[in-house]
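Hi there,

Here is the structure I promised to pass on to you. Have a look at it first, and then read on for what turned up.

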Amino acid sequence: MTNAELQQLVEKLSLADFGRPFQHQATFNRRLRTTGGRYVLQTHNLEINPLMIEEFNEDTLIGVIKHELVHYHNHIQGLPYQHKDRYFQSELQRIAGLKYAPATSKAKARQQPKHLWVYTCKNGHEIYRQRRINELRYVCGICGAPIRLTGELKRDV
Ligand SMILES: [Zn+2]
Ligand SMILES: [Zn+2]
(Lines give C-alpha, C1' and ligand atoms only; values in the text may rest on other atoms or scores of the structure.)
(Ligands and ions follow the chains in the order given, each with its own letter.)
Protein backbone atom coordinates (compact mmCIF):
# COMPACT_ATOMS: atom_id res chain seq x y z
CA MET A 1 0.00 0.00 0.00
CA THR A 2 1.34 3.43 -0.92
CA ASN A 3 1.26 6.59 1.19
CA ALA A 4 -1.36 8.01 -1.17
CA GLU A 5 -3.60 4.98 -0.65
CA LEU A 6 -3.09 5.22 3.09
CA GLN A 7 -4.06 8.90 3.01
CA GLN A 8 -7.27 8.05 1.12
CA LEU A 9 -8.16 5.31 3.59
CA VAL A 10 -7.61 7.59 6.57
CA GLU A 11 -9.76 10.32 5.00
CA LYS A 12 -12.52 7.80 4.27
CA LEU A 13 -12.51 6.35 7.81
CA SER A 14 -12.46 9.83 9.29
CA LEU A 15 -15.66 10.82 7.50
CA ALA A 16 -17.36 7.47 8.08
CA ASP A 17 -16.61 7.15 11.80
CA PHE A 18 -16.34 10.73 13.01
CA GLY A 19 -18.30 12.70 10.40
CA ARG A 20 -15.31 15.05 10.21
CA PRO A 21 -12.57 15.40 7.61
CA PHE A 22 -8.97 14.41 8.20
CA GLN A 23 -7.08 17.46 6.97
CA HIS A 24 -3.49 16.49 7.68
CA GLN A 25 -0.96 13.95 6.43
CA ALA A 26 -0.94 10.21 6.99
CA THR A 27 2.24 8.35 6.03
CA PHE A 28 3.86 5.00 6.65
CA ASN A 29 6.86 5.11 8.96
CA ARG A 30 9.10 2.08 8.81
CA ARG A 31 11.09 3.13 11.85
CA LEU A 32 8.17 2.39 14.17
CA ARG A 33 8.97 -0.90 15.86
CA THR A 34 6.69 -1.71 18.74
CA THR A 35 3.80 0.63 18.03
CA GLY A 36 1.16 0.33 15.32
CA GLY A 37 1.13 4.03 14.68
CA ARG A 38 1.36 7.43 16.26
CA TYR A 39 -0.33 10.78 16.26
CA VAL A 40 2.16 13.65 16.20
CA LEU A 41 0.80 16.41 18.45
CA GLN A 42 2.88 19.20 16.91
CA THR A 43 1.94 18.56 13.27
CA HIS A 44 -1.39 16.71 13.68
CA ASN A 45 -0.03 14.12 11.25
CA LEU A 46 -0.43 10.36 11.57
CA GLU A 47 2.37 7.87 11.13
CA ILE A 48 1.48 4.24 10.60
CA ASN A 49 3.70 1.18 10.96
CA PRO A 50 3.65 -0.56 7.53
CA LEU A 51 4.02 -3.94 9.26
CA MET A 52 0.38 -3.63 10.36
CA ILE A 53 -0.64 -4.53 6.82
CA GLU A 54 2.50 -6.43 5.78
CA GLU A 55 2.51 -8.83 8.73
CA PHE A 56 -1.20 -8.71 9.53
CA ASN A 57 -4.08 -7.56 7.34
CA GLU A 58 -6.27 -4.65 6.37
CA ASP A 59 -8.53 -5.10 9.41
CA THR A 60 -5.53 -4.61 11.67
CA LEU A 61 -4.44 -1.57 9.69
CA ILE A 62 -7.93 -0.07 9.95
CA GLY A 63 -8.08 -0.80 13.69
CA VAL A 64 -4.79 1.05 14.16
CA ILE A 65 -5.88 4.00 11.98
CA LYS A 66 -9.11 4.31 13.97
CA HIS A 67 -7.09 4.40 17.19
CA GLU A 68 -4.89 7.20 15.87
CA LEU A 69 -7.93 9.07 14.54
CA VAL A 70 -9.40 9.14 18.05
CA HIS A 71 -6.21 10.88 19.25
CA TYR A 72 -6.43 13.21 16.26
CA HIS A 73 -10.07 14.28 16.47
CA ASN A 74 -10.13 14.53 20.26
CA HIS A 75 -6.94 16.59 20.33
CA ILE A 76 -8.00 18.90 17.52
CA GLN A 77 -11.30 19.62 19.25
CA GLY A 78 -9.62 20.27 22.59
CA LEU A 79 -11.10 17.12 24.10
CA PRO A 80 -9.31 14.51 26.25
CA TYR A 81 -7.08 12.58 23.86
CA GLN A 82 -4.78 10.44 26.00
CA HIS A 83 -5.08 6.69 26.59
CA LYS A 84 -5.90 7.21 30.25
CA ASP A 85 -8.82 9.52 29.47
CA ARG A 86 -12.26 8.01 29.76
CA TYR A 87 -13.46 9.96 26.73
CA PHE A 88 -10.63 8.52 24.64
CA GLN A 89 -11.63 5.02 25.67
CA SER A 90 -15.33 5.54 24.98
CA GLU A 91 -14.61 6.97 21.54
CA LEU A 92 -12.28 4.07 20.77
CA GLN A 93 -15.02 1.66 21.74
CA ARG A 94 -17.67 3.52 19.76
CA ILE A 95 -15.74 3.22 16.49
CA ALA A 96 -14.28 -0.22 17.28
CA GLY A 97 -10.63 0.86 17.10
CA LEU A 98 -7.81 -1.34 18.34
CA LYS A 99 -6.69 -0.79 21.92
CA TYR A 100 -3.31 -2.39 21.30
CA ALA A 101 -1.47 -3.08 18.08
CA PRO A 102 -0.44 -6.72 17.67
CA ALA A 103 3.23 -7.50 18.30
CA THR A 104 5.24 -7.26 15.10
CA SER A 105 8.23 -9.46 14.35
CA LYS A 106 10.44 -6.49 15.25
CA ALA A 107 8.74 -6.12 18.61
CA LYS A 108 9.11 -9.84 19.28
CA ALA A 109 12.80 -9.78 18.35
CA ARG A 110 13.28 -7.08 20.91
CA GLN A 111 11.68 -9.19 23.63
CA GLN A 112 14.06 -12.05 23.00
CA PRO A 113 17.15 -12.32 25.19
CA LYS A 114 20.12 -10.29 24.06
CA HIS A 115 22.58 -13.02 24.91
CA LEU A 116 22.44 -16.78 24.51
CA TRP A 117 24.87 -19.62 25.18
CA VAL A 118 25.19 -22.08 22.33
CA TYR A 119 25.73 -25.80 22.97
CA THR A 120 26.36 -28.28 20.18
CA CYS A 121 26.29 -32.07 20.05
CA LYS A 122 28.64 -34.14 17.91
CA ASN A 123 25.96 -34.33 15.20
CA GLY A 124 25.81 -30.58 14.90
CA HIS A 125 22.46 -29.95 16.62
CA GLU A 126 22.45 -26.61 18.36
CA ILE A 127 20.85 -25.81 21.69
CA TYR A 128 20.39 -22.26 22.94
CA ARG A 129 20.19 -21.35 26.60
CA GLN A 130 19.92 -18.02 28.39
CA ARG A 131 21.73 -19.44 31.42
CA ARG A 132 24.80 -21.60 31.44
CA ILE A 133 24.04 -25.24 32.07
CA ASN A 134 26.16 -28.14 33.30
CA GLU A 135 27.11 -29.90 30.07
CA LEU A 136 27.71 -33.21 31.85
CA ARG A 137 24.12 -33.38 33.02
CA TYR A 138 22.43 -32.73 29.68
CA VAL A 139 22.29 -34.52 26.34
CA CYS A 140 21.10 -33.36 22.93
CA GLY A 141 17.30 -33.31 22.83
CA ILE A 142 17.28 -34.55 19.22
CA CYS A 143 19.82 -37.38 19.12
CA GLY A 144 20.80 -37.94 22.74
CA ALA A 145 24.51 -37.31 22.18
CA PRO A 146 26.57 -35.39 24.74
CA ILE A 147 26.70 -31.62 24.27
CA ARG A 148 29.37 -29.03 24.84
CA LEU A 149 29.54 -25.28 24.95
CA THR A 150 30.55 -24.00 21.53
CA GLY A 151 29.78 -20.30 21.54
CA GLU A 152 27.73 -17.30 22.44
CA LEU A 153 25.13 -15.39 20.50
CA LYS A 154 24.64 -11.66 20.86
CA ARG A 155 21.77 -9.69 19.39
CA ASP A 156 22.09 -6.07 18.54
CA VAL A 157 18.47 -5.06 18.99
ZN1 LIG B 1 -2.59 5.71 21.16
ZN1 LIG C 1 22.19 -34.04 18.48
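This is a predicted model: local features need pLDDT of at least 70, side-chain atom pairs count only at pLDDT 80 or more; totals for chains, interfaces and linings use all residues.

P102 itself sits in the loop between α4 and α5 (105-111). Its relative accessible area is 25%, so P102 counts as partly exposed. K66 is 36 residues away from P102 in sequence, and the two C-alpha atoms are 15 Å apart.

The loop between α4 and α5 also holds G97. Is G97 buried or exposed? With a relative accessibility of 19%, it counts as buried, because the cut-off for that is under 20%. Its contacts beyond four places in sequence are G63, K66, H67 and L92. For G63, the C-alpha to C-alpha distance from G97 is 4.6 Å, although 34 residues separate the two in sequence.

**The helices**

The buried residues of α1 are L6, Q7, L9, V10, L13, S14, D17 and F18. They cover an arc of only 165 degrees around the axis, which puts them on the same side of α1. Exposed residues on the other side of α1 are A4, Q8, K12, L15 and A16. As for what covers the buried residues of α1, the list includes β1 (26-28), β3 (45-48), α3 and α4. After α1 comes G19, which has a positive phi, near 65 degrees.

From its first C-alpha to its last, α3 reaches 26 Å, close to the 27 Å expected at 1.5 Å a residue. At the start of this helix, a side-chain oxygen of N57 comes to within 3.1 Å of the backbone nitrogen of D59. G78 follows α3, and its phi is positive too, near 70 degrees.

In α4 (residues 86-94), the residues F88, E91 and L92 are buried. Why do they end up on the same side of α4? They cover an arc of only 100 degrees around the axis, and that puts them there. On the face turned away from the buried side, α4 carries the exposed residues R86 and Q93. A96 follows α4 and has a positive phi, near 55 degrees.

**The zinc ions**

The zinc ion (ligand 1) is coordinated by H67 (NE2), H71 (NE2) and H83 (NE2), at 2.0 to 2.1 Å. Along the chain, these donors follow the spacing H-x3-H-x11-H. H67 and H71 are four residues apart in helix α3, so they are separated by about one helical turn. An α-helix has 3.6 residues a turn, so residues three or four places apart point the same way. Both H67 and H71 are buried, and H67 is also one of the residues that G97 touches.

The zinc ion (ligand 2) has C121 (SG), H125 (ND1), C140 (SG) and C143 (SG) as its protein donors, lying 2.1 to 2.3 Å from it. Which arrangement do the four donor atoms make around this ion? They subtend angles of 105 to 115 degrees, which makes the arrangement tetrahedral. The spacing of these donors along the chain is C-x3-H-x14-C-x2-C.

Best wishes

How values were computed. Residues are numbered from 1 along each chain as its sequence is written. Chains are lettered from A and ligands numbered from 1 in the order in which they are written. Side-chain values use heavy atoms; hydrogens and water are left out. Buried means under 20% relative accessible area, exposed over 50%, partly exposed in between (1.4 Å probe, protein chains only). Helices (H or I, at least four residues) and strands (E, at least two) are DSSP runs, numbered from the N terminus. The arc is that of the directions from the helix axis to the C-beta atoms. Donors are N, O and S atoms within 2.8 Å of the metal (3.2 Å for Na, K and Ca); water is not among the atoms, so sites may look incomplete. Four donors count as tetrahedral if all angles lie between 85 and 135 degrees; four count as square planar and six as octahedral if opposite donors are over 155 degrees apart and all others between 65 and 115; anything else is irregular. The expected span of a helix is 1.5 Å times one less than its number of residues. A polar contact is a pair of N or O atoms within 3.5 Å; within protein, one must be able to donate a hydrogen and the other to accept it, and residues adjacent in sequence count only if both atoms are side-chain atoms. Contact means heavy atoms within 4.5 Å.
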